[in-house]
Amino acid sequence: MEKDKFFCTDIDTLLKWILSDLEERNEIFGIPRELFFEPGESDPFRMRRYGQILETPLGVAAGPHTQLAQNIIAAWLCGARYIELKTIQVLDELEVTKPCIDMTDEGYNCEWSQELKLDQSFNEYLNAFVLIYILRDKLRWGVSEEPGFIFNMSAGYNLEGIKSPTVQHFFDHMSDCSAELAEKIERIAAFYPRVKELNIPGTMSNNITVSTMHGCPPEEVEKIGRYFVEERGYHTTIKLNPTLLGAEGLRNILNHRLGFSTEVPDEAFGHDLKYDDGVALIGAMLDAARENGVVFSLKLTNTLETSNIEQNLPKNEGMIYMSGRALHPISINLAARLQEEFKGALDISFSAGVDCFNILDTLGCGLRPVTVCSDVLKPGGYGRLSQYLDQIAGAMQNAGADSLQNLILDRANITNETAAGLANLKAYAADVVENGRYAKEKFPFENIKTGRNLPRFDCAGAPCVTACSTRQDIPRYLEYTARGDFENAYNII
């Protein structure tokens, strides 16, 4: 078995694994039940998207972690409700350079499309879809008739590929998976009979995000968007690149204000969508969506194309893509510029360096749903999402806000939601480049990994212990602190 390849697991095995984990260890896929998000009808952060309820405004962005069914399920368990499925394209036998991701601080990757065949991707998504419905039933979270989550497809990178027979077959089956669904239900009914009583729909998704990738011409982007709006009737989102902010504005934030040495070459701006073209594209797509009775929105942003100079990725990749902390101020400022251009009326979902510390500020700007990738690729994984929801719920309770709309209004002290969201966004755009939190100096380490030798049967060692001059047992101290046992925590140190 090749350790750098994905291997798919059938739905029978996954369900047996889930049920066994729950019954024997009160966990699923190693995630303890304490980290599960249990939805409630009165949760103040619930929102609507495409006419459907989202139980949280939080999700996972299309990435390596939304390819396999077990990953999608793990994200859902921890509170992700807007699931951006991994971007698919006609070329589905790619050789991805490995290692392909560096998440030491800000993120870098050289991986940009699905690592599975299209039929495998469809099967993974359907497995996850069915198992989420089963888990809603098993955990007794299905109090509402609505599922509370959305699968958002993602596709690229040109219209010719999108119209190819294999990609069309994928879309057809995402829109109507009735036959495959019936077969899976029959297979797993033997050990979960209630699956036949669950109202699992035959449509997995009626919405899509267009991934323009880097260098896609504006006329091609519009053709793709119009195809999904006019011919497929999908609610359509177009994901824009951070280079839309322009070379001067972007480099001023990244290199001069934040102090990152990351190089964004001229060619990244030369072959990407220009601001005026982007504004024209958005206007045309808004008109097309209105005429066809669907929702058009933006996704900010894609990753940022950079030179592969000092990052820890194979040097055969000349260009790599930045995400995470450094991207947040850039994408927020692009959002502010676009919203000001359109008087705050744009529907923008957001994914760029969001974490538990800035999720509330992001939502307060009217950007939603918010999806994450880089943060959950760090230690803690999907379990980190529970802290996001704790932060949101606590802040909303303190503010007396019973909805996301009221949270936005309360922050701006303005009675019009559109105007309030724009005011909050403009203020936050200025703050993120000034407050110091996103400056490179805030993460001064070249490497946070331990230098200790890791033998075969002793392969885990906490860097916080080996880096401590007195070798304090920090993990044990944190364990007692998390339990509220402060006396033993004190005794440890």
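**A loop residue to begin with**

Analyst: Ala189 is located in the loop that runs between helix H6 (178–188) and strand E10 (207–211). Please keep in mind that this is a predicted model.

User: Is Ala189 buried or exposed?
Analyst: Ala189 has a relative accessible area of 12%, so it counts as buried.

User: And what does Ala189 contact, leaving aside its neighbours within four places in sequence?
Analyst: With those neighbours left aside, Ala189 is in contact with Val195 and Lys196.

User: How far is Ala189 from Asn491 in space?
Analyst: Their C-alpha atoms are 52 Å apart, and in sequence the two residues are separated by 302 residues.

User: Let us step back to the whole protein. How many helices and strands are there?
Analyst: The secondary structure comprises 18 helices and 16 strands.

User: What about the overall dimensions?
Analyst: Taken along the principal axes, the C-alpha atoms fill a box of roughly 65 × 60 × 55 Å. The radius of gyration is 23 Å, which agrees with the value near 23 Å that a compact globule of 493 residues would have.

User: How much of the protein is buried?
Analyst: Of its 493 residues, 55% count as buried. As for contacts with a separation of 6 or more, 72% are between residues 24 or more positions apart.

User: Now the helices. What describes two packed helices?
Analyst: One gives the angle between their axes and the distance between the axes.

User: Then what are those values for H8 and H11?
Analyst: Helix H8 (residues 247–257) packs with helix H11 (residues 327–341) at an angle of about 150°, and their axes are 9 Å apart. That angle makes H8 roughly antiparallel to H11. Their crossing is right-handed.

User: Which residues meet there?
Analyst: From H8, Leu250, Ile253 and Leu254 meet Pro329, Ile330 and Asn333 of H11. By class, this contact of H8 with H11 has five nonpolar residues, one polar and no charged.

User: And how does H10 sit against H11?
Analyst: Helix H10 (residues 275–292) packs with H11 at an angle of about 55°, with their axes 12 Å apart. The two helices are therefore oblique to each other. H10 passes H11 in a right-handed crossing. Tyr275, Val279 and Ile282 of H10 make the contact with Arg337, Leu338 and Glu341 of H11.

User: What classes do those residues fall into?
Analyst: The contact of H10 with H11 has four nonpolar residues, no polar ones and two charged ones.

User: Staying with H11, what about Ala335?
Analyst: Ala335 belongs to helix H11. Its relative accessibility is 0%, so Ala335 counts as buried. Apart from neighbours within four places in sequence, Ala335 is in contact with Leu300, Ile348, Leu367 and Leu425. Between Ala335 and Lys426, the C-alpha distance is 9.0 Å, although they are 91 residues apart in sequence.

User: And Gln339?
Analyst: Gln339 lies in helix H11. Gln339 has 5% relative accessibility and therefore also counts as buried. Not counting residues up to four places away in sequence, Gln339 touches Gly344, Ala345, Leu346, Ile348, Leu422 and Leu425.

User: One last point. What is phi of Tyr50?
Analyst: Phi of Tyr50 is near 55°, which is a positive value in a residue other than glycine. Tyr50 is in the loop between strand E3 (47–49) and strand E4 (52–54). At 11% relative accessibility, Tyr50 counts as buried.

User: And Arg140?
Analyst: Arg140, again a residue other than glycine, has a positive phi near 60°. Arg140 is found in the loop between helix H3 (118–138) and strand E9 (150–155). With a relative accessible area of 72%, Arg140 is exposed.

Technical notes. Residues numbered from 1 in each chain as written. Predicted model: local features only at pLDDT ≥ 70, side-chain atom pairs only at ≥ 80, totals over all residues. Heavy atoms only, no water. Axes fitted to C-alpha atoms, helices over the stretch in contact; angles between N-to-C directions. Helix = DSSP H or I, 4+ residues; strand = E, 2+ residues; numbered from the N terminus. Parallel < 35°, antiparallel > 145°, perpendicular 65-115°, else oblique. Left-handed = near helix turned anticlockwise from the far one by under 90°. Contact = heavy atoms within 4.5 Å. Nonpolar A, V, L, I, M, F, W, Y, C, P; charged D, E, K, R; others polar. Rg over C-alpha atoms; globule rule 2.2 N^0.38 Å. Buried < 20%, exposed > 50% of the residue type's maximum accessible area, 1.4 Å probe, protein only.
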